[in-house]
Each structure stands twice: as C-alpha cells, then as structure tokens.
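Good morning, and thank you for coming. Please look at the structure on the screen, and I will then take you through some of its charged pairs and strands.

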Amino acid sequence: MTHLITTYLKKNRKPILFYVVFLTMFYLVLYLYGVRADALGYAVFLSLVTFTVLGIFDFWRYQARIKAIGEAFRNMPYELGSLPEPLDIPEEKYQEEVRTLGERLVAQENDARKSRQEMIDFYSLWAHQIKTPLAALDLLLQSAEAREDAAQADPGDAGEPGGKSDGEPGGDRSARTFQEMRMELFKTGQYVDMVLSYLRAEDLSSDLLLKEYSLDEIVRQAVRKYSGMFILKKIRLEYEPCKETVLTDEKWLLFVLEQLLSNALKYTDKGSIRIRMEPGSHGVLLIEDTGIGIQAEDLPRVFEKGFTGYNGRQDKKSTGIGLYLCRMVCGKLNHTIAVTSEPGKGTAVRLDLSRKEMRHE
C-alpha cells in the first residue's frame, strides 16, 4: 500500500504542485485586498477538504485500475480483453501493443502445441512400427537357436562336435552368444518403450488409474522381466517378499521399478541386487546393489534431465532420462524417490510409497 500511495503521488505531483501554488496565490491576493484572516482561513480549509476528498476518490479509482490491469496481465494473454479503457493516447498505444504481443504469444503457443503433437504422433508411430522388425528378429533368433540345438543333438552334422576355444565348449559358446543377442534385443525393446513413456509422462494425469495394489505382485513382474539379464550377468537376486498394499498406478509404478532394476543391472558386474522393505518404515521399498556406485558430486543431480555424470561419461551409452522419468512419475503418483551411494560399494534407491492420511479440521 505504501508503494501504491508513493506511486500515485509521484504520478500526480504536477497537479498537486499546481494546486499548492494556486492556493498560495489565491490567499496572498485576497489578503492584500484586505479580506479578513478568518474568512481566508475558512476558504483555504474548505478548499483543502474538497481537494482531499477528490484525491481520495481518485486514488480509489487508481487502485481499482491497477488491480484490473494486474489481473489481466496475470492471465495474459487470455484476459487482455478485460483491460480498463485507456485514459489517454499513450496508454491506448501501449494497450494496443500489449494485445498484439498477446496475440503473437497465443499463436506461438498454438504452433508449439501443434508441433509437439505432431512429434508425439510421429514417435508413437515409429515406436509401434519398430516393434515389428524387433519381433521378427526375435523369431529369427528363436529359429537359429532351434537349428543350433538340432545340430548339437546330431553330431554328424555339427562339423566339429565338442570343439573348444579358450577352454569353452562350442555348444556353450553358441548358447551364450544367443543369450547375449537376446539380451541386446530385449534392451532395444526397453529403449523403445522408454520413448513411449517419455512422450506420455508429461501428460500423465489422463493415463492414471489409482487403486490399491499388492506391492509384491508388481515387484515380481519387474523381476520376471529382467530374469534373463540376472542369469546372463550372473547377478544374485536377494528378494524379501513385500507384504504391503499401496495406493498407486500399477503400470507406471512398474515402469519405475523396471528402470531402477535396469540401472542396477547395468552398473553391477558382480555381486547381488537386494529388494526389500525398509525396516521400521511403512511402504518404503529399498533396491540395493553392489555395483560401481555414484560419485558424491553427481548424487545431487542424478534426477536432472539429461544428466549422465561420471558413470554415464565412462559408459558412453547413458541417456540421463531414466531417473528423470522415475522422479517425474513418482511426483505424479505422490511417491518420493531418493538415492544414496558409495563409489565402489554400490547404490541404494529408497522408494517411499506410503500416503499421508488426510484429516478434516
């Protein structure tokens, strides 16, 4: 209010100064003509009262005008039509320019929205189309595995049965090669799914179905999906059944768990991954690994979009999107996610799925 009064007085300093000068001249002229002092004082008093009342009324209108302009600007550009009528030509010009800028802003927003929708449509189409060759590759791989199994079963057609290289039987080498190819194909499919999830995550509210779910069932789905990678990398899984029931969206919580398991497997070369509920807490899930860990200076930024950190630069395949999406999804689901780590010893992700009881006062 003080700032508003100061601004009003500064805006009207010329009329106020003119009034003071005019009142002084009026008083001096009448005084020189011999008008009684009490009459002069009464005239000056009435003049001041009238000027003050008119000033208060004008200040009230000024305040209401400032409020109307502020509301119009707060809802810019959609409420610019509610701007008060201009008081003079400069203000009229200003309002015309503001409306022009508002129209340009609306046009730019519409163009950006249209471009984004076209991008979403394109990548959604691409993601669905790329699944066809991936499925074909999976069938070809299965066929190749079947032929290899048949060749191993019939030594007469196997060329050099039991041939060895580096101490590893030929059949074992082939099986491992097929496993690695299948895992690479699996990871490619996961990257495609991440593209779709990334496109949908910003407008997640329309895709949520919040219900009470068994956390154990959701965790087991994620573990089953990555069971092949556990076997291939020879990583031990230590899973303690989760008997909690959580209010969440099954599809999106599963996406978060899959991303966390993917990261744990990616950066763990030996040892184990442990999944359990945090002791003494309700609805807090822990995913711990014995991987390479995260540098202390990178920890505060691991959830930033596009941040890969020291490990990502070493790996040169990290996108910096997975944990960013996890935090975004958790925020939409009213869950919290936190990461602690020690380089060389492993990483622990704390996923708080509990919900606060709402109380009406």
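Let me begin with Glu 258 and Lys 225, whose side chains form a salt bridge at 3.4 Å from N to O; by salt bridge I mean a side-chain nitrogen of Lys or Arg within 4 Å of a carboxyl oxygen of Asp or Glu. This pair joins distant parts of the chain, 33 residues apart, with Glu 258 in helix α8 (residues 250-266) and Lys 225 in helix α6. Helices (H or I, at least four residues) and strands (E, at least two) are DSSP runs, numbered from the N terminus.

A word on the source: this is a predicted model, in which local features need pLDDT of at least 70 and side-chain atom pairs count only at pLDDT 80 or more, while totals for chains, interfaces and linings use all residues. Residues are numbered from 1 along each chain as its sequence is written, and side-chain values use heavy atoms, with hydrogens and water left out.

Is Glu 258 buried or exposed? Glu 258 counts as buried, at 10% relative accessibility, whereas Lys 225 is partly exposed at 31%. Buried means under 20% relative accessible area, exposed over 50%, and partly exposed in between, with a 1.4 Å probe and protein chains only.

Helix α6 (residues 215-225) also holds Arg 220 and Asp 216, which are four residues apart and therefore separated by about one helical turn. These two form a salt bridge, with their closest N and O atoms 2.6 Å apart. Arg 220 is partly exposed, at 34%, and Asp 216 is buried, at 12%.

A further salt bridge links Arg 276 and Glu 288 at 3.0 Å, N to O. Arg 276 lies in strand β6 (residues 272-277) and Glu 288 in strand β7 (residues 284-289), so the pair ties together parts twelve residues apart in sequence. Both residues, Arg 276 and Glu 288, are buried. Across the whole structure, the search finds 13 salt bridges.

I turn now to the strands. Strand β3 (residues 211-214) pairs with β5 in the antiparallel sense over four bridges; two strands pair if DSSP finds at least two bridges between them. Ser 214 has Thr 245 of β5 as its bridge partner.
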